[in-house]
Amino acid sequence: MRNILLFTKLNDNYIKEIKEQMEGYDVLYVQNEEEAEKYVKDTEIIISFDFEFYSNIVDKASNLKWIHLLSAGADTLPFEKLKKMKVLVTNSRDVHKYQISQQVIGYMLMFERSLNTFLRNQIKKVWDRSVRVSELTGKTALIIGVGSIGEEIARLLKEFGMKVYGIRNSGKPSLYVEKMYTSIEDCDVLSLADYVISILPLTKDTYHSIGENVFNRMKNSSYFINVGRGKVVDERALINALKNKVIKGAALDVFEEEPLREDSPLWDMENVIITPHIAGVTPLYMQRAMEILRENLDAYKEGRTLRNIVNLDKGY
């Protein structure tokens, strides 16, 4: 019997669907690496979130053909091993675009309307109408790492009357982006942007790719937003940029180390908004992720090209 191993606990109805869709396979949920070892030799498909993936199991998965991630990230996978084994990897890219784009808009509105300041004043029972408020209309945003989330952010920002620029490796243009650049180094609008938004995945090339090289080129009235991966940012450089007023503020959902350490100076900075890596959370998440999985299970059975194939050389 061929196995489909679930490293993630799914709703019973979802498991039933997978069993019905993949007749001829045993669908097994395993709670740890030891339990997975019992079934991995006959496993053809693994379904998991990247943060729940048991990388050590891959060495013993001699019949593994396909890994599907219910997450968009693939940071924890052993790419070199999987390349040698010729294992296909797909993810749930596109599942985050609505909730994360709305979170980014929320950060921006908080900064423009000084809602973070007013919330602190409310706690202190301070009535202060001298607090500066503004609007997004006419402002400029630069999105670093334009994928499906970046496209949706750009679409929404255009509705607010903003100019939107983007960076992505391919340089492929977007309907909602004024101009697309291929690298941060070549981006001549970085110094003009009121908001710089990172949605970069974590790879060997993106690690600490945002640091002094970016912050020192930004306006001192600009804001930095990170809803991608924490380790793409040199956090020490960001803290220095905020302390020294190189940039005006930051909104951060991801960090180099999570949970964010209690002694991090970011906690006490009034020009920083911190959320605990929840930008991608929504009650609709699994519903959307399952739509992608269903589509790929059918494609796999029929020998068709699967959706959201991960480039194992690039890591995303």
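In this predicted model, the axes of helix α4 (residues 97-112) and helix α5 (residues 115-124) come within 5 Å and cross at roughly 70 degrees; axes are lines fitted to C-alpha atoms, for helices over the stretch in contact, and angles run from 0 to 180 degrees between N-to-C directions. On the α4 side, Leu109, Met110 and Phe111 meet Leu115, Asn116 and Leu119 of α5, where contact means heavy atoms within 4.5 Å. The residues of this contact divide into 5 nonpolar, 1 polar and no charged, with Ala, Val, Leu, Ile, Met, Phe, Trp, Tyr, Cys and Pro counted as nonpolar, Asp, Glu, Lys and Arg as charged, and the others, Gly among them, as polar. Helices (H or I, at least four residues) and strands (E, at least two) are DSSP runs, numbered from the N terminus.

Turning to the sheet, 7 strands form an open arrangement in the order β8-β7-β6-β9-β10-β11-β12, with parallel pairing; two strands pair if DSSP finds at least two bridges between them. At the edges lie β8 (180-181) and β12, each pairing on one side only. Parallel strands β10 and β11 are joined by 4 bridges, and Tyr223 has Gly249 in β11 as its bridge partner. Helix α8 packs on this sheet, touching β10, β11 and β12, and its direction makes about 140 degrees with that of β11.

A closer look at α8 (residues 235-243) shows Glu235, Ala237, Leu238, Ile239, Ala241 and Leu242 as its buried residues, buried being under 20% relative accessible area (1.4 Å probe, protein chains only). These residues pack against α7 (212-215), β10 (223-226), β11 (249-252) and β12 (272-274). The N-terminal end of α8 is capped by Asp234, with a side-chain oxygen 3.3 Å from the backbone nitrogen of Arg236. After the helix comes Lys245, whose phi is positive, near 60 degrees.

Ser209 sits in the loop between β9 (195-198) and α7. With a relative accessible area of 19%, Ser209 is buried. Neighbours within four places in sequence aside, Ser209 is in contact with Ile184, Leu200, Val214 and Val232.

Residues are numbered from 1 along each chain as its sequence is written, and side-chain values use heavy atoms, with hydrogens and water left out. Local features need pLDDT of at least 70 and side-chain atom pairs count only at pLDDT 80 or more, while totals for chains, interfaces and linings use all residues.

Definitions and conventions. Buried means under 20% relative accessible area, exposed over 50%, partly exposed in between (1.4 Å probe, protein chains only). A polar contact is a pair of N or O atoms within 3.5 Å; within protein, one must be able to donate a hydrogen and the other to accept it, and residues adjacent in sequence count only if both atoms are side-chain atoms.
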